Amino acid sequence: MKKFLTICAALFVLYNNVSGQEMDEMWDNRSNNKANKNVQWFKDAKFGMFIHWGLYSKLAGEWNGKRYYGSGEWIMNQAKIPVAEYEKVAKSFNPIKFDAEEWAQIAEDAGMKYMVVTAKHHEGFSMFDSKYTNFDIVDATPYKKDPMKSLAKSVAKRNIHFGFYYSQFQDWYEPNGGRNTWDFKEAEKDYQKYYKEKAIPQLKELMTNYGKLGTIWFDTPGGLTKQETEDFVNSLRKYQPECLFSSRVGHGLGDYRDFGDSELPPFTINGPWESIYTHNDSWGYIKHDLNFKTPKEIIYLLANAAARGGNLMLNVGPDGEGSFPAYSIQYLREVGNWLKINGESIYASTAGLLGQQPWGVSTSKPGKQYLHILNRPVDGEVLIPDFDVTIKKVYLLDGGKELDFEKRGKDIILNLPLGEMKKSLNEVVVLEYSGQVKASQTYNVVSDNFQEIEIPAYFAKVKGNANLKSLTYSHYYGDWKHTNCVVDAKNSGDEISFDIRVTKPGTYKIKLEYNCGTESALQEGVLTLNNTDFLFRTLKTGEFDRRAPLPLIQHSVATTTFDKEGLYKLNIRPLKDGKELFKLKSLIFEAVR
Ligand code: H79
């Protein structure tokens, strides 16, 4: 046991010392070495539809008169419903409103280029016709039809890639499946038997009975060694050599990378990857979950994923009758309308060359940068720093209006015609240029053209014990959130520093946004900038707890005037040796007018 703990601690330290960029490189190396040559469609697709649909959709977040919050597809686990009870739900599962054409049409209208639907989630119920179980939609429900047959056809007809989510290890219905410990004893489980008798045969059915598949989306690996996972993957490849597998097949295998649920990496990754989010809080339908992301929020996620080189697969949870939530239909179509005009800046684009700017992010195509103006500058002036190329043309993607621009040194300055611009969810400016783009900027721009500029801690340089960490926590059951913070700055030699570029002389208020539990509270720290030491004492926010929202404070610690434009270094460190100062989420500059 002691040895095990030592190994865990070592792995933990190892993990923590890997910076964002290093993680990025690790993944790039892996994907470049073994790149699946069929992955190009996936890299170009950018926007996909995820669908969680199963018996849990019928329960809709309620069991025995009690409401559950969080991930609806986990209700069997959350309420510890015995198999004997849960399987009765199938008797009344009759999705008569299911219309494959309608689902596929919504995906097409939304501008989605692929669709992944749950063939079997952890609950163990097969939403397709399977010879290897009677616990499937054809054998166990009054519906008696296989909805995946028509869905596969309707989707393929629209040139959208079709794929299945398949929970290859967790299966709470089967004595030998993963993770049902309320009906079955862990010690008596034979995972190999489960793989052999259910998972593998069912995957063969999925890969042979539904036409060409774009991907199999595996989730929560378990029960297999790396070698066994390789054998598992290879045994499936023969059914459809071009079909991609998600990284959650386990052990670093798979053809593209998924991050955590609802996690967007803060850095650019060149290998194929995807972020998955759900439209509301739950993946599976919950009647009382009406917290839908707005069209604007979805477009921001999409633009940010594309700007870092990845895809967004957005989930919708149809109900037990087979209908999409009304807000999902409406909001997805609005996103689709935006994409009809601005899709050129998203589809088949690659990561932006400009990094994160106060005004937003960029995506690339040869000779073009697409500037996604997510925050409008107050006076319309957009700075493209250190972009030393020859500009041929600058115009709004919507309507084509040409914009004035000016070259100042290595920078380019654009002027947005704010008065004449439509109210859009995300204006895209196209920059056509010639010439080679040199190494990118290493600083964060601070400008009074924005009321506030937030610089995520990801952009900090760290020294000593300080390191970047993705904090994972949940609001509801299984509803993961991720926030990158610089943690472990605990000695006066540890440093968190930011390189900033101030574009004009001016005065700013500086705030630190952080989490600070009881242990860390009331310690002295110092922020050094502009030849001045700004002392502060940390304020208590409440503890970081994986099962609760992350408590944060925006603590104003300094006001400073920059007499000159130019590059500045900002350092933060504890004054004395001791405990972690705080978990720093971001540095905020507020322009003082
Ligand atoms: O299908 C969706 C989720 O159901 C699935 N992945 C996305 C795409 C998923 N499976 N497992 N997880 C996500 C991790 C969930 C872990 C938790 Fe829990 C479930 C946290 C709280 C409830 C396990 C059980 C840990 C604590 C209790």
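## Cavities

His279, Asn280, Ser282, Trp283, Gly284, Tyr285, Ile286, Phe292, Gly317, Pro325 and Ser328 line the second largest cavity. On a 1 Å grid over the protein atoms alone, a cavity is a set of points where a 1.4 Å probe fits but cannot get out, and lining residues have an atom within 4 Å of a point. This cavity holds about 50 Å³ of space. A volume is the space filled by probe spheres set on the points, with grid points joined across faces, edges and corners. By class, the lining has 5 nonpolar, 6 polar and no charged residues. Ala, Val, Leu, Ile, Met, Phe, Trp, Tyr, Cys and Pro count as nonpolar; Asp, Glu, Lys and Arg count as charged; the others, Gly among them, count as polar.

The structure holds 2 cavities of 30 Å³ or more. The lining of the largest cavity has 6 nonpolar, 2 polar and 2 charged residues.

## Basis of the model

This is a predicted model, in which local features need pLDDT of at least 70, side-chain atom pairs count only at pLDDT 80 or more, and totals for chains, interfaces and linings use all residues. Residues are numbered from 1 along each chain as its sequence is written, and side-chain values use heavy atoms, with hydrogens and water left out.

## The ligand site

There are 16 residues around the ligand, and His52, Glu73, His121, His122 and Asp219 come nearest. A residue counts as near if one of its heavy atoms lies within 4 Å. By class, this shell has 7 nonpolar, 5 polar and 4 charged residues.

## The parallel sheet

An open sheet is formed by 8 strands in the order β7-β6-β5-β4-β1-β10-β9-β8, with parallel pairing. β7 (244-245) and β8 (257-258) stand at the edges with a single partner strand each, so one side of each lacks a neighbour in the sheet. Strands here are DSSP runs (E, at least two residues), numbered from the N terminus. Two strands pair if DSSP finds at least two bridges between them.

Strand β1 (residues 47-51) has 5 of its 5 residues buried. Buried means under 20% relative accessible area (1.4 Å probe, protein chains only). Phe47, Met49 and Ile51 lie on one side, Gly48 and Phe50 on the other. β1 pairs with β10 (residues 311-316) over 5 bridges, and Ile51 stands opposite Val316. β1 also pairs with β4 (residues 114-120) over 4 bridges; there, Gly48 has Tyr114 as its bridge partner. Further along, β5 (residues 161-166) and β6 (residues 215-218) are joined by 4 bridges, with Tyr165 partnering Trp217.

Strand β22 (residues 467-474) is mostly covered, with 6 of its 8 residues buried. It runs antiparallel to β23 (residues 480-487), and 8 bridges join the two. Lys469 has Cys485 as its bridge partner in β23. The hairpin has 5 residues between the strands, and Gly478 takes a positive phi near 75°.

Note on methods. Buried means under 20% relative accessible area, exposed over 50%, partly exposed in between (1.4 Å probe, protein chains only). On a 1 Å grid over the protein atoms alone, a cavity is a set of points where a 1.4 Å probe fits but cannot get out, and a pocket is an open set with protein on both sides within 12 Å along at least five of seven lines; lining residues have an atom within 4 Å of a point.
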